[in-house]
Amino acid sequence: MQVINTKQTSGQVSCLLLTVTMCLCSFSAFAQTSLIPAGAQAKFHAVTGACDKACLEQLMQAFFAAAVSRKFGTVPALPQAEIRENARFMALADTTWAKVRAIRSTLIFADAVTGNVVGRAGVELADGKPAYISTRFKVVANGKIADIEIAADTSNRVVKDYVWNLDKSFEKELAPAERIDRIALEALVLRYFMSLSTHVAVKTDFDDGVCNRFHSGMQITNVARNAIENGPARTCISSVEGNPPWGPATEQRIPVIDAERGIVIGITLLHYLKSPNQSKMYVTEVFKVVNGRIVKIDNIGLMQDGLSTLGFRH
């Protein structure tokens, strides 16, 4: 009969359990710090001359990888680059990106005509909370970055299930028959911004039967109530009409237009003149346009007190 040394066996089991636990912890830590876009590399390739669409997209992918690795010094920004988060000057290493533990989901939109690229990222912060970050680069000759514009929503209103699983239909190319040209896309979004001032929607600009607007993942339209805009249920059209507290919309910019995907990115400063402090909202929106009508709006809107300008010219 074999005599079993229970103390030795117990020790071996404890060691085994400790090893498994350490492996699981290591795997967990790896997973939390490596959820970056597929194929992303924390390396900015040398660029000669203008940056085309693929170059712009690669630049944003490289930034995502560099940011989650805290390698902000590798970002090819010009010495005089304008860097702002939520419209305020800030060093890149001091932005919300420095607090990101993992990137959960991304969308990238590039426009070689304007030299702009915008990356939307649903992220997990160091404390485990979700956040939604929009990052815009204005890229000039040789792949250098002249503008870094960040809109970061870290509030409790960010909807984790949305921002960690961003709607990839925004990146889907449209059939040729569903597209309209750059000029028409720009005009459509400028009319939308005008309606934020006049509170009169151009109804033919919306596919109101399917259109929805989301605010950091919270659905604003076609729901009974929402925590962002109080009041009755509304559609994309009715949500800009009536007597809302906002308007006018100033400092309007259209940094990205992608006719193949039906994408327009619009940025504006929305004034709340009826509020006691005359607050302002920094708005950055992604519009999906199919057959000349808006079908989806992805918005990051951030209330800002004491703000005079968003800055930037591009």
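Close-up 1. Ser169 is partly exposed, with a relative accessible area of 24%, where partly exposed lies between buried (under 20%) and exposed (over 50%), computed with a 1.4 Å probe on protein chains only. This residue belongs to the loop between helix H3 (160-163) and H4, helices being DSSP runs of H or I with at least four residues and strands runs of E with at least two, numbered from the N terminus. Ser169 touches Lys288 and Lys296, leaving aside residues up to four places away in sequence, and contact here means heavy atoms within 4.5 Å. Although Ser169 and Lys288 are 119 residues apart in sequence, their C-alpha atoms are 8.8 Å apart in space. This is a predicted model, in which local features need pLDDT of at least 70 and side-chain atom pairs count only at pLDDT 80 or more. Residues are numbered from 1 along each chain as its sequence is written, and side-chain values use heavy atoms, without hydrogens and water.

**Close-up 2. The ring pair of Tyr192 and Phe206.** The structure holds ten aromatic pairs, counted when ring centres of Phe, Tyr or Trp (its six-membered ring) lie within 6.5 Å, with planes under 30 degrees apart called stacked, over 60 edge-to-face and the rest tilted. In one of them, the rings of Tyr192 and Phe206 have centres 6.2 Å apart and planes at 55°, so the pair is tilted. Tyr192 lies in helix H4 (residues 182-198), whereas Phe206 lies in the loop between H4 and strand E7 (212-215), 14 residues apart. Tyr192 is buried at 4% relative accessible area, and Phe206 is buried with 4% relative accessibility.
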